[in-house]
Amino acid sequence: MSRRVTLKTEQKRSPANIFTAGEDIPVDTLVYISDANTVSIVSWNTGFNKVVGISNTAVTDGNEILITILGLHVLETSLAGGTAGDPVYFDNDGALTLTEPTSGSADFIQQVGIYNTPTSIFIQLLPPIKF
């Protein structure tokens with residue numbers, strides 16, 4: 001028998017860490033540690049295999065940024081078209097996608113979370129896998 005749990009508003013954000021933005025970072029963007037206590041946007045060319053989490057807000061270079069590193073992340077932008085439990089990946093520009101990438105740096109793929117609803121995902125970073 002399954003049990004349904006509804007989260008209260010104050011429980012909808014998972015623990016996060018504060019870093020310094022190493023560049024302008026949009027909300028809901030995957031980031032990697034690019035320098036001491038500094039994060040930058042992940043892409044296949046930079047930060048691949050170093051994803052640490054997703055930005056909770058949009059910030060400009062040099063400002064503090066809150067990063068969800070594990071657990072439920074409420075999206076500011078919708079990720080429509082999925083079914084609960086679908087894997088979530090990142091595309092060539094560090095954006096979230098439900099479409100499994102077919103090419104990228106050294107032909108690797110990385111799942112970064114699990115789809116919950118169009119406005120929430122569960123951040124769960126898995127190791128990259130070679131195609």
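**T38 and its contacts**

I started at T38 and listed what touches it beyond four places in sequence: F19, T20, A21, G22, Y32 and I33. This is a predicted model, so I kept to its local features where pLDDT is at least 70. T38 is found in strand β3, residues 38-41. Is T38 buried or exposed? With a relative accessibility of 14%, T38 counts as buried, because the cut-off for buried is under 20%.

**S40, on the β3 strand too**

Next I went to S40, whose place is also in strand β3. S40 counts as buried because its relative accessibility is 8%. Which residues does S40 touch, leaving out those up to four places away in sequence? I noted G22, E23, I25, L30, V31, Y32 and S34. I then checked one of these, E23, by C-alpha distance: S40 and E23 are 6.0 Å apart in space and 17 residues apart in sequence. G22 is on the list for T38 and on the list for S40, and Y32 is likewise on the T38 list and the S40 list.

I looked up I67 next and found its place in strand β5. I67 is buried, since its relative accessible area is 0%.

I turned to the largest nonpolar core, which has 15 residues. Those with the most contacts inside it are L30, L79, V88, F90, L96, V112 and I121. Which strands each supply at least two residues of this core? My list reads β2 (30-35), β4 (51-55), β7 (87-90), β10 (111-117) and β11 (120-123). Apart from this core lies another one, of 10 residues, with F19, I25, V31 and I67 among them.

I went back to I121 for its neighbours. Not counting residues up to four places away in sequence, I121 touches G71, L72, H73, L75, L79, V88, L96, I114, Y115 and N116. L79, V88 and L96 in that list are also among the residues with the most contacts inside the largest core.

**Around β4**

How much of β4 is covered? Five of its five residues are buried, so I wrote it down as mostly covered, with the buried cut-off at under 20% relative accessible area. On one hand, β4 pairs with β2 in the antiparallel sense over three bridges, and L30 stands opposite I54 in β4. On the other, β4 pairs with strand β5 (residues 64-68), antiparallel again, over two bridges. There I54 has T68 in β5 as its bridge partner.

**The five-stranded sheet**

I traced the open sheet of five strands and got the order β6-β11-β10-β7-β8, with antiparallel pairing. Why is one side of β6 and of β8 left without a neighbour in the sheet? β6 (71-74) and β8 (96-97) stand at the edges, and each has a single partner strand, so one side of each stays without a neighbour.

Inside this sheet I checked two pairings. β7 and β10 pair in the antiparallel sense over three bridges, and P87 stands opposite I114 in β10. β7 and β8 also pair in the antiparallel sense, over two bridges, with F90 opposite L96 in β8. F90 and L96 are both named among the residues with the most contacts inside the largest core. I jotted a reminder for this sheet: in a regular strand, side chains alternate between the two faces.

I69, L70 and F122 make a nonpolar surface patch of about 250 Å². L70 is found in the loop between β5 and β6.

**Whole-protein numbers**

Buried residues make up 37% of the 131 residues. The accessible surface comes to about 7500 Å², and 51% of it belongs to carbon and sulfur atoms. Of the contacts between residues at least 6 apart in sequence, 54% join residues at least 24 apart.

Key:
Residues are numbered from 1 along each chain as its sequence is written. This is a predicted model: local features need pLDDT of at least 70, side-chain atom pairs count only at pLDDT 80 or more; totals for chains, interfaces and linings use all residues. Side-chain values use heavy atoms; hydrogens and water are left out. A nonpolar core is a set of buried Ala, Val, Leu, Ile, Met, Phe, Trp, Tyr and Cys residues joined through side-chain atoms within 4.5 Å. Buried means under 20% relative accessible area, exposed over 50%, partly exposed in between (1.4 Å probe, protein chains only). Helices (H or I, at least four residues) and strands (E, at least two) are DSSP runs, numbered from the N terminus. Contact means heavy atoms within 4.5 Å. Accessible areas come from the Shrake-Rupley method with a 1.4 Å probe; for residues, only the protein chains shown count as cover. Two strands pair if DSSP finds at least two bridges between them. Patches are made of residues with over 30% relative accessible area and no salt bridge: like charges are joined within 9 Å, nonpolar side chains (Val, Leu, Ile, Met, Phe, Trp, Tyr) within 5 Å. A salt bridge is a side-chain nitrogen of Lys or Arg within 4 Å of a carboxyl oxygen of Asp or Glu.
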